[in-house]
Amino acid sequence: MLLGDIADGLDVSSAICDSMPDEIYNLASQSRPGESWSRAAETLQVNGLAAVRLFEAVRHNRPTARIYHASSSEMFGRPTKAPQDEDTSFSPVNPYAATKVYAHNMASIYRSSYGLYIACGILFNHESERRPLHFLTQKVAYGAACAALGVKNSPDRNERGRPIVEGGRLALGNLKVARDWGYAPDFVRAMWTILQQVEPADFVIGTGKLHTLEELCGYAYGYVGRDWRECVFSDPELVRPLETAHVLADASKADRDLGWRPTVNFREMVELMVQAQIQRLKPLIAG
């Protein structure tokens, strides 16, 4: 294991020289779009400039390495066409998305200018049991687990220092938002497959199916036999200043060129996440 700061060019160069990798997966980021409003400069350093430092380190020290760079569906922002594919224009609506557009464009520039193998995956939302609790889908899974176990005030806290579930209720932002949510292991398989292609290219990766936050809550709480409307409420303080539109993946290129399709559907994913949170919470409640 090599430790370092992804935003420090010397650390990145040292890591490349010490490991001399054949494949590099650049997944490092400040990955919370909502939090990027209060951490805009840091988000630019980690998501944007750090990517350029990585490209530079590879160019000078290991130009034969293949780089997978994690781009994001947030880059589409408020698109003028739906669904979105690799040729759809970007229109970011938050600092996180803007930094991702910068890094994505720089990946293309380094690929064409220096002949580096840099492939970008424009990934739509991908979730799993391993998501940290500050992510929306995991909050919902956690809230459903609390409801299943009779927890009224959760031991874990939200971004405001309050219990995630307080008085038996889960506070969320805009309940009308909708996303193309997929299962993270499927997306990791896509990342690896992208780097096995002869020539580097960019790919949109997503399910092509849109689900609302209300639907997510319905599946999560329904799985434990509860009505989500009795357990969840919208808190105005958690609503973003500007919300990404209903972006939807057109992953036909990935299907055609990579043979990639998702294998776990939305409902299955939500239920797996709720199961995992129940198992995590049980010993905490028992103790």
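Is D85 buried or exposed in this predicted model? At a relative accessibility of 16%, D85 counts as buried, because buried means under 20% relative accessible area. The legends below follow this residue and several others through a set of close-up views.

**View 1. The two domains of the predicted model.**
The protein is divided into two domains, of which domain 1 covers residues 9-123. Domain 2 is put together from three stretches of the chain, namely 136-178, 210-245 and 265-286. Between the C-alpha centres of domain 1 and domain 2 there is a distance of 30 Å.

**View 2. D85 and K81 joined by a salt bridge.**
Side chains of opposite charge can pair when their charged atoms come close. In this view the side chains of D85 and K81 meet in a salt bridge, with 3.6 Å from N to O. The two partners fall into separate classes of accessibility, since D85 counts as buried at 16%, whereas K81 counts as partly exposed at 37%. A search of the whole structure finds 14 salt bridges, and the bridge between D85 and K81 is shown here as an example.

**View 3**
A salt bridge brings together the side chains of E56 and R59, at 3.1 Å from N to O. Both residues belong to helix α2, which spans residues 40-61, and because they are 3 residues apart in this helix, they are separated by about one helical turn. E56 is partly exposed, with a relative accessible area of 23%, and R59 is partly exposed as well, with a value of 26%. R59 has a further contact to look for, as it lies over the face of Y114, at 4.0 Å from the ring centre. Y114 in turn belongs to a cluster in which ring pairs link F55, Y110 and Y114.

**View 3. F76 and its aromatic partners.**
The count of aromatic pairs in the structure comes to 8. In one of them, the ring centres of F76 and F90 are 5.5 Å apart and the planes stand at 45°, so the pair is tilted. Both residues sit in the loop between β2 (66-72) and α3 (95-114), where they are 14 residues apart. F76 counts as buried at 0% relative accessibility, while F90 counts as partly exposed at 25%. F76 also forms a tilted aromatic pair with F124, for which the distance is 6.0 Å centre to centre and the angle between the planes is 35°. Because F76 lies in the loop between β2 and α3 and F124 in the loop between β3 (117-123) and β4 (126-127), this pair ties together parts that are 48 residues apart in sequence. Both F76 and F124 are buried.

Helix α5 runs over residues 184-195. Its 12 residues should span 16 Å at 1.5 Å a residue, and this agrees with the 17 Å that separates its end C-alpha atoms. Within the helix, the side chains of R189 and D186 meet in a salt bridge of 3.1 Å from N to O, and because the two residues are 3 apart in α5, about one helical turn separates them. R189 counts as partly exposed at 34% relative accessibility, but D186 is buried, with a relative accessible area of 4%. Other buried residues of α5 include F187, A190, M191 and L195.

Strands of a sheet pair through backbone hydrogen bonds, either parallel or antiparallel. Here 3 strands form an open sheet in the order β5-β6-β11, and the pairing is mixed. β5 (165-166) and β11 (232-234) stand at the edges, each with a single partner strand, so one side of each is left without a neighbour in the sheet. Strand β6, made of residues 169-172, runs parallel to β11 and is joined to it by 3 bridges.

The charged end of K253 sits over the ring of F203, at 4.7 Å from its centre. E214 is found in helix α6, which covers residues 213-223, and E214 is partly exposed, with a relative accessible area of 24%. E214 and R261 are 47 residues apart in sequence, and from C-alpha to C-alpha they are 25 Å apart in space.

Notes: Residues numbered from 1 in each chain as written. Predicted model: local features only at pLDDT ≥ 70, side-chain atom pairs only at ≥ 80, totals over all residues. Heavy atoms only, no water. Domains from an automatic or database assignment. Salt bridge = Lys/Arg side-chain N within 4 Å of Asp/Glu carboxyl O. Helix = DSSP H or I, 4+ residues; strand = E, 2+ residues; numbered from the N terminus. Buried < 20%, exposed > 50% of the residue type's maximum accessible area, 1.4 Å probe, protein only. Phe/Tyr/Trp six-rings, centres within 6.5 Å; stacked < 30°, edge-to-face > 60°. Lys NZ or Arg CZ within 6 Å of the ring centre and 35° of its normal. Expected span 1.5 Å × (residues − 1). Pairing = 2+ DSSP bridges.
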